[in-house]
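Hi everyone, thanks for coming. Please have a look at the chain on the screen, and then I'll walk you through it.

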Amino acid sequence: MTTPHSMSGLDRLGGAVRNAPSPHGYAVGLLLLRLVLGLTMAAHGSQKLFGWFGGPGLDGTGKFFEASGYPAGKVMAVCAGLTETLGGLGLVLGLLTPLAGAAVVGTMINALAVKWGGGFFAPEGVEYELLLATGAAALALTGPGRYAVDRFLPGLRAHRLAYGVGALVLSVVLAAATLLIRK
């Protein structure tokens with residue numbers, strides 16, 4: 001039988017109901033998502049910047065950007081590499097999480113635009129980029145959870161949905177501006 005008390009997570013005497021959601025479970029789930037997504041993006045960015053993990057480095061990435069219609073390919077490679085690396089590391093640490101998530105979303109919007117038309121499934125499709133963008137957007141909107149550097153920053157200690165929405169709007173505007181310079 002469901003009572004108003006059991007719906008609130010408390011029994012009749014004010015004690016916790018056994019099946020109440022665990023805030024630590026949410027925090028650990030967000031930490032896991034931040035670590036995997038953030039490390040993936042940081043590694044991806046370091047491929048562009050430094051040629052690590054079998055990546056093309058700045059020269060190869062710059063040539064790819066030019067072939068994809070972006071002007072100043074090497075400059076674009078630096079921008080994309082820094083955005084992915086720093087956004088990814090921000091997610092790992094839970095530092096400025098709305099902006100870190102938005103940085104990843106912005107780069108993935110451009111990646112989606114470049115790969116669009118190749119279908120949904122990898123390797124030619126957009127499933128990987130869409131998954132990364134969606135996970136990063138979710139983190140920007142939900143916040144990092146309790147195991148994060150943001151918990152020690154006065155303005156971000158209590159995450160607000162408006163922070164995530166604002167960061168994502170900024171991300172979409174900057175990604176659109178970047179796409180407008182693409183031939």
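Predicted model: local features only at pLDDT ≥ 70, side-chain atom pairs only at ≥ 80, totals over all residues.

**A walk along the chain**

Residues are numbered from 1 along each chain as its sequence is written, and side-chain values use heavy atoms, with hydrogens and water left out.

Now the whole chain. How many helices and strands are there in the chain? There are 7 helices and 0 strands, so from the N terminus the order reads α-α-α-α-α-α-α, where helices (H or I, at least four residues) and strands (E, at least two) are DSSP runs, numbered from the N terminus. The C-alpha atoms fill a box of roughly 70 × 35 × 30 Å along the principal axes. Of the 183 residues, 37% are buried; buried means under 20% relative accessible area, exposed means over 50%, and partly exposed is in between, using a 1.4 Å probe and protein chains only.

Back to helix 6, residues 127–142. Helix 6 has 16 residues and reaches 22 Å from its first C-alpha to its last, close to the 22 Å expected (1.5 Å times one less than its number of residues). Which residues of helix 6 are buried? They are Glu129, Leu132, Ala133, Gly135, Ala136, Ala137, Leu139 and Ala140. Here is a handy rule: an α-helix has 3.6 residues a turn, so residues three or four places apart point the same way. What covers the buried residues of helix 6 includes helix 2, helix 4, helix 5 and helix 7, with contact meaning heavy atoms within 4.5 Å.

Next, the loops. Leucine 96 sits in the loop between helix 4 (73–93) and helix 5. Leucine 96 is not a glycine, yet its phi is positive, about 50°, and at 40% relative accessibility leucine 96 counts as partly exposed. Phenylalanine 53, in the loop between helix 2 (23–50) and helix 3 (57–67), also has a positive phi, near 55°. Is phenylalanine 53 buried or exposed? It counts as exposed, because its relative accessibility is 60%.

That brings us to the aromatic rings. The structure holds 5 aromatic pairs; rings of Phe, Tyr and Trp (its six-membered ring) pair if their centres lie within 6.5 Å, and planes under 30 degrees apart count as stacked, over 60 as edge-to-face and the rest as tilted. Why is the pair of phenylalanine 50 and tryptophan 52 tilted? Their planes are at 35°, with the ring centres 4.7 Å apart, so the pair is tilted. Phenylalanine 50 is partly exposed at 48% relative accessibility, and tryptophan 52 is partly exposed at 48% too. Phenylalanine 65 and tyrosine 70 form an edge-to-face pair, 5.3 Å centre to centre with 75° between the planes, and both residues are buried. Phe50, Trp52 and Phe53 form one aromatic cluster.

One last stop: alanine 177, in helix 7 (residues 161–180). Alanine 177 is partly exposed, because its relative accessible area is 38%.
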